[in-house]
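Subject: Structure handover

Hello,

Here is the structure for your work.

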Amino acid sequence: MKNHSNIKRWCQAFVVMCAMAVLTFLAHHYEYPDIQVNYVEEITIPGVEGEYEFLFLTDLHLAVKTREDVGIYGNADDRIKGFSNAKGTVSSKHLPQWISYANKREIDAVLMGGDIIDYYSDANAEYLYRYMEQLEMPYIFTLGNHEWFSPWDEDVSEESVLYELFQGRNEAFQILEYEDFVICAIDNEAYDVSEQSLAAMREWLNANPDKPMILLAHVPFYTKQDRSLLETSVSVWGQALVIGTGEGTRDTTAVSREFMELILNDESPVVAIFTGDNHFYHKGNLTDSIVQWVGAPAYAGDGMIIKVKGNEK
């Protein structure tokens, strides 16, 4: 009888746990019906005390309709619908849910990987800025090629609220510093690293040669150590949406080559790189010790949690 009683209690406990899991799942999908964290990545940095949790989003491509046409993109409705999740929810509806999710989960910081808006317009920039300002934690905003692009060939005014998304209104080099590591965002949206990003990175590394760094960039980097990224990019896009050298890559400038040598050499403090642009998930090694992630597109409802912790004691 005792064994039967134990089995009964175990079954009851199992049923309760399953019910709680189902309720948690339903609660999340009721509150955040259009978004999901499909990827949880862990980075171990020796010496880090405690654990940090970051939300990484890239390639949301949100747009607010203000005209019937979007210049070279054609019909506005068709363009906006093109960046929807599997349920057909347009990407501008995802952003408020991600902001709420980050605040409720008390994320340490939100990391934006670029192309968060689909094209520049005052309405798109103001919509994005309004929600980013609702975050209850720091964020770092990486410039993508779509943030600067106007389908109507209009210049982005220096007075635009878009500049307020960048620390110090400087898209070339941004720092989010913690006691034991730093997160850095640079500008490579034109498929080359900007001269300003190279100069600022060189200055930072000279002053902080041993501080571990997590690097954010919109366009992925490529080395021969992981050819699968190049092959997948060409398969999806018909060309390689990467920055690097070698067969099948785009021509790169001396600035980009010098930048890659700076961050990928054996003495580099860079421990991980997070990028986007390609609209598919990828993880691979750039060197024996430096891993690069390409984030899945947020317009599909996908987000990534990055956990940073020290060595197990």
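In this predicted model, the axes of H3 (residues 94-105) and H4 (residues 122-132) come within 10 Å of each other and cross at roughly 15°. Angles under 35 degrees count as roughly parallel, so H3 and H4 are roughly parallel to each other. Their crossing is right-handed. On the H3 side the contact is made by Leu-95, Pro-96 and Ile-99, and on the H4 side by Tyr-127, Leu-128, Tyr-131 and Met-132. Sorted by class, this contact of H3 with H4 holds 7 nonpolar residues, with no polar and no charged ones.

The sheet

An open sheet is built from 5 strands in the order S1-S13-S2-S3-S4, with mixed pairing. S1 (36-44) and S4 (139-141) are the edge strands; each has a single partner strand, so one side of each is left without a neighbour in the sheet. On average, neighbouring strands in this sheet are turned by 20° against each other, direction ignored.

Within the sheet, S3 (residues 109-112) pairs with S4 in the parallel sense, over 3 bridges. In this pairing, Leu-111 stands opposite Ile-140 in S4. H3 also packs on the sheet, where it touches S1, S2 (51-57), S3 and S13 (302-309). The direction of H3 makes about 180° with that of S2.

The crossing of H6 and H8 is left-handed, whereas that of H3 and H4 is right-handed.

From H6, the residues in contact are Glu-195, Ser-197, Leu-198, Met-201, Arg-202 and Leu-205. They meet Val-255, Glu-258, Phe-259, Leu-262 and Ile-263 in H8. By class, the contact of H6 with H8 has 7 nonpolar, 1 polar and 3 charged residues. The contact of H3 with H4 also has 7 nonpolar residues, but no polar and no charged ones.

Regards

Note on methods
Residues are numbered from 1 along each chain as its sequence is written. This is a predicted model: local features need pLDDT of at least 70, side-chain atom pairs count only at pLDDT 80 or more; totals for chains, interfaces and linings use all residues. Side-chain values use heavy atoms; hydrogens and water are left out. A crossing is left-handed if the near helix is turned anticlockwise from the far one by less than a right angle, and right-handed if clockwise. Helices (H or I, at least four residues) and strands (E, at least two) are DSSP runs, numbered from the N terminus. Contact means heavy atoms within 4.5 Å. Ala, Val, Leu, Ile, Met, Phe, Trp, Tyr, Cys and Pro count as nonpolar, Asp, Glu, Lys and Arg as charged, and the others, Gly among them, as polar. Two strands pair if DSSP finds at least two bridges between them. Axes are lines fitted to C-alpha atoms, for helices over the stretch in contact, and angles run from 0 to 180 degrees between N-to-C directions. Angles under 35 degrees count as roughly parallel, over 145 as roughly antiparallel, 65 to 115 as roughly perpendicular and the rest as oblique.
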